[in-house]
Amino acid sequence: MAFGRTRKADEPPVEPVAWTEVWEFVVGRLERPETPKRKKATTGAHAVRVPRGGKLDKVLAPCAYVASGQLQGLPAAPGLTLFEDAAQQRLLCYVAAPQEVDGERHHVVHDGRGQVIGTIKRIPPKRPFRHTWRIEQPGYPEIMGRNEWASGGVKDIAGRAAERLLHEALDGLFSSPGDSDQGGRPRSLEWRSGEEIVMTSEGSAQVRIRKEWLDRRLAFAFALIGDV
């Protein structure tokens, strides 16, 4: 895929969208992906981006901007700091340096005024599964992020286990030697509060929000931290 910064003259600038209204997003620089109509992809600022448009005119509109490494006096690492505007004048949120608490890794998320808006916790793995996640948002029930194969009730897990065996067999046929984590695909997580699915994620970049009450900034923070 070829990338360039020159947009076609007949395409208007990609306008930012409000971060409070986001339901699906990715993190990156790709702004205009290739389509049957658009033969060359274009990039923009490193940002949290929201899919807009249709199959022929799809764009990834920014809603929050990842801090530049050139900025001085940031409250956290540039890759863990977001601004509301492209000029990076209005701080949206940031993730403090992680703390180890009883074997868990806690990432405290702050808003632009420095107030705590929640905590993202990485929970050590238990065999045969990988690590899991928790999101604590004050005033709301805890959200548990687990591999989709292990989420839900006993019947759900059993059905997914059978489906997983099929997928792994297919991966063995079509993946290349050296591919990791099931053919190199990002891990799918379901984020549940009780029986409700609050959010889903593919890896740490493609995220879909399912419940209005989830603070989008916490979802952004997870994507910045990365599912590692």
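This is a predicted model: local features need pLDDT of at least 70, side-chain atom pairs count only at pLDDT 80 or more; totals for chains, interfaces and linings use all residues.
Q: What makes Gln88 count as buried rather than exposed?
A: Its relative accessible area is 15%, and buried means under 20%. The value falls under that cut-off, so Gln88 is called buried. You can find Gln88 in the loop between β5 and β6 (91-95). Its phi is near 60 degrees, a positive value in a residue other than glycine.

Q: Why is Asp102 called exposed?
A: Asp102 has 78% relative accessibility, and exposed means over 50%. The value is over the cut-off, so the label exposed applies to Asp102. Look for Asp102 in the loop between β7 (99-101) and β8 (104-111). Asp102 is not a glycine, yet its phi is positive, at about 50 degrees.

Q: Why is strand β4 described as largely enclosed?
A: Count its buried residues: eight of the eight in β4 (residues 59-66) are buried, so the rest of the structure largely encloses this strand.

Q: How do you know that β3 and β4 are paired?
A: Two strands pair if there are at least two bridges between them. Strand β3 (residues 41-52) and β4 have six bridges, and they run antiparallel. Six meets the requirement of at least two, so β3 and β4 count as a pair. One place to look is Arg52, whose bridge partner in β4 is Val59. The two strands form a hairpin with six residues between them, and Gly53 in the turn has a positive phi of about 85 degrees.

Q: What makes β4 and β5 a pair?
A: Strand β5 (residues 81-83) is joined to β4 by two bridges, and the strands run antiparallel. Pairing needs at least two bridges, so two is enough here. Val66 has Leu82 in β5 as its bridge partner.

Q: Why is β10 called largely enclosed?
A: Four of the five residues of β10 are buried, so the rest of the structure largely encloses it.

Q: How do you know which strands pair with β10?
A: Check the bridges against the requirement of at least two. Strand β9 (residues 116-123) is joined to β10 by five bridges, running antiparallel, and β10 pairs with β11 over three bridges, again in the antiparallel sense. Both counts meet the requirement, so both pairings hold.

Q: What lines the second largest pocket?
A: Among the lining residues are Ile123, Pro124, Phe129, Thr132, Arg134, Met144 and Arg146. Strands β10 (132-136) and β11 (143-147) each supply at least two residues of this lining. The volume of the pocket is about 180 Å³.

Q: How do you know that β12 is covered on both faces?
A: Look at each side in turn. Ser188, Glu190 and Arg192 on one side are buried, and so are Leu189, Trp191 and Ser193 on the other. In total, six of the six residues of strand β12 (residues 188-193) are buried.

Q: What makes β11 and β13 partners of β12?
A: Four bridges join β11 to β12, and six bridges join β12 to strand β13 (residues 196-202). Each count meets the requirement of at least two, so both are pairs. Both pairings are antiparallel. Met144 stands opposite Arg192 in β12, while Ser188 stands opposite Glu202 in β13. The hairpin of β12 and β13 has two residues between the strands, and Gly194 in its turn has a positive phi of about 65 degrees.

Q: Why is helix α2 called largely enclosed?
A: Of its 10 residues, 10 are buried, so α2 is largely enclosed by the rest of the structure. They include Arg216, Leu218, Phe220 and Ile225. After α2 comes Gly226, with a positive phi near 95 degrees.

Q: Which residues have the most contacts inside the largest nonpolar core?
A: They are Phe25, Cys63, Leu82, Ile120, Trp191, Met199 and Phe220, in a core of 34 residues. Helix α2 (residues 216-225) gives the most to this core, with eight residues. Phe25 touches residues including Val48, Pro51, Val207, Ile209, Ala219 and Phe220.

Notes. Residues are numbered from 1 along each chain as its sequence is written. Side-chain values use heavy atoms; hydrogens and water are left out. Buried means under 20% relative accessible area, exposed over 50%, partly exposed in between (1.4 Å probe, protein chains only). A nonpolar core is a set of buried Ala, Val, Leu, Ile, Met, Phe, Trp, Tyr and Cys residues joined through side-chain atoms within 4.5 Å. Contact means heavy atoms within 4.5 Å. On a 1 Å grid over the protein atoms alone, a cavity is a set of points where a 1.4 Å probe fits but cannot get out, and a pocket is an open set with protein on both sides within 12 Å along at least five of seven lines; lining residues have an atom within 4 Å of a point. Grid points are joined across faces, edges and corners, and a volume is the space filled by probe spheres set on the points. Lists of a residue's contacts leave out its neighbours within four places in sequence.
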